[in-house]
Amino acid sequence: MGRRKKKVWQNVKVTGLADKGMAVGRNEEGQVVFLTDVVPGDTVDALLLRKKKGVWRGVPQQFVEYSNDRVEEKCQHFQDCGGCKWQHFAYDAQLREKETIVRDAMQRIAQVEIEEFRPILGSSKIFGYRNKMEYSFSNRRWKTKDEIREDNIQESTDALGLHPPGFFDKVVNITSCWLQEEPSNAIRNFVREYAEKHQLAFFDPVNHKGFLRNMILRNNRKGEWMLVISFYEDRPQLIESLLTAIIDKFPAIVSVFYVVNQKKNDTLFDQEFIHFFGNSSLQETLGDVEYQIRPKSFFQTNTYQAETLYKVAKDMAALRGSEMVYDLYTGIGSIAAYVADQCRAVIGIEEVEDAILDARENAEANGIENAHFYAGDVRRVFTQDLMERHGRPDVVITDPPRGGMHEDVTRAILDMNPQTIIYISCNPATQARDIKILSASYEVKTMQPVDMFPHTNHIENVAKLVRK
Ligand SMILES: C[S@@+](CC[C@H](N)C(=O)[O-])C[C@H]1O[C@@H](n2cnc3c(N)ncnc32)[C@H](O)[C@@H]1O
């Protein structure tokens with residue numbers, strides 16, 4: 001039986017960005033295909049590969065016309081890594097597209113009037129903006145598209161770098177990444193060279209063996225660095241020699257931890273972090289607040305834009321000093337600490353217990369006495385009992401994960417009836433869904449998208465809702 005011929009749509013115009021680095025293409029009849037490797041403004045003949053949930057997925061078979069918004073990508077790993085999918089799309093065009101995604105979600109899903117929709121705030125740094133990178137060691141190096149095209153497959157199968165999308169075992173061997181400032185690349189490359197020279201085994205993620213497993217690099221704006229390496233095998237002498245060599249080479253590293261992780265998966269939150277050298281945390285200052293960032297702590301990854309985001313949220317809340325504020329999904333209490341000086345009291349709720357310990361310590365270290373923190377699911381903690389203890393909210397600030405708020409939480413906010421809700425979201429679709437429910441009693445005064453992650457499809461959006 002012969003193979004079925006693949007369908008091609010001619011003259012597909014790419015009209016906008018979609019999720020996961022794809023873009024929306026439309027043929028002359030207006031039918032939709034989600035395409036990879038294109039940017040809005042391109043026109044292509046599209047090869048249709050498969051249908052998912054009734055919509056075609058495809059790739060360009062050939063380009064009919066290139067978009068004026070295409071730019072040369074900066075990164076040598078762009079074709080293989082998938083970390084910065086929009087690097088070949090001009091930054092002002094990225095911002096325009098992200099703003100459109102927020103507007104569309106609000107129109108399509110929330111179906112509410114927005115009194116003031118502000119232009120998106122772009123990131124002041126579009127490279128070197130991350131304060132945390134997580135790399136993996138693997139003995140299953142990803143063969144690059146160039147190697148395959150040129151039929152020049154490199155011998156070594158070891159890699160230290162980033163997973164290509166969809167592969168837990170393969171790793172793209174990163175030699176130069178633009179996401180974090182130097183000496184991030186220098187440290188990672190030194191570790192790889194040291195490991196090769198001393199024949200340290202890179203982790204085999206399929207058969208679970210090997211020595212070197214993961215590496216995390218964090219930095220603050222003062223130029224101080226924290227290093228965490230996780231090992232699969234507990235070999236104290238080898239660990240000590242490697243970590244000492246790194247510390248000797250890079251004086252900017254002020255804090256070193258290691259982990260021996262013998263679980264099947266790479267997650268480290270449930271593992272013991274062994275303090276090897278220097279400080280036990282990094283400090284970062286946002287506004288007047290100094291945050292202690294420990295190796296397990298969540299902290300917004302783009303420090304510069306975190307400051308912008310928190311300032312937008314605080315300004316929108318327009319606190320006068322007398323308000324009772326609830327900060328839902330508070331993480332390490334960053335927003336609670338940031339607004340504490342302008343309200344009567346602030347209550348932070350977060351499900352990760354360690355984060356709540358950080359939040360309490362941070363508040364204490366900053367002399368903040370009017371912030372109180374509770375560990376637990378917002379759905380179970382944000383209740384009438386809590387209101388009886390602290391009083392009902394005048395302002396609710398909420399910053400849930402991508403899935404948005406549980407409907408019970410959204411309805412609990414309606415019941416608590418605050419004057420103002422500040423809703424920070426990293427997913428406009430779920431934010432729009434929740435706003436639709438809240439719009440029964442609230443109107444949307446202001447919306448402010450903020451770009452925290454240039455060259456990616458991630459968007460942050462802050463909405464101010466006021467009681468009708
Ligand atoms: C987007 S982060 C917000 C962090 C914080 N507002 C900040 O700016 O650093 C979402 C937080 O919600 C927490 N979280 C997720 N689901 C939760 C739930 N059901 N109840 C309480 N916290 C939750 C996560 O652990 C995470 O810290």
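Residues are numbered from 1 along each chain as its sequence is written. In this predicted model, local features need pLDDT of at least 70 and side-chain atom pairs count only at pLDDT 80 or more, while totals for chains, interfaces and linings use all residues.

**The sheet**

Eight strands form an open sheet with mixed pairing, in the order β6-β21-β22-β20-β19-β16-β17-β18. Strands are DSSP runs of E with at least two residues, helices are runs of H or I with at least four, and numbering starts at the N terminus. Strands pair if DSSP finds at least two bridges between them. The edge strands, β6 and β18, each pair on one side only. Neighbouring strands are turned by 15° against each other on average, direction ignored. Angles run from 0 to 180 degrees between N-to-C directions, with axes fitted to C-alpha atoms (for helices, over the stretch in contact).

β17 and β18 run parallel, joined by five bridges. V346 stands opposite A371 in β18.

**The helices**

Helix α2 (residues 91–110) lies across β6, β21 and β22, at about 160° to β21.

Helices α4 and α5 pack with their axes 11 Å apart. Their angle is about 140°. The contacting residues (C-beta atoms, placed from the backbone, within 7 Å) are tabulated here.

| Helix | Residues | Contact residues |
|---|---|---|
| α4 | 184–197 | I187, F190, V191, Y194 |
| α5 | 236–249 | L242, A245, I246, K249 |

Seven of these are nonpolar, none polar and one charged.

Technical notes. Contact = placed C-beta atoms within 7 Å. Nonpolar A, V, L, I, M, F, W, Y, C, P; charged D, E, K, R; others polar.
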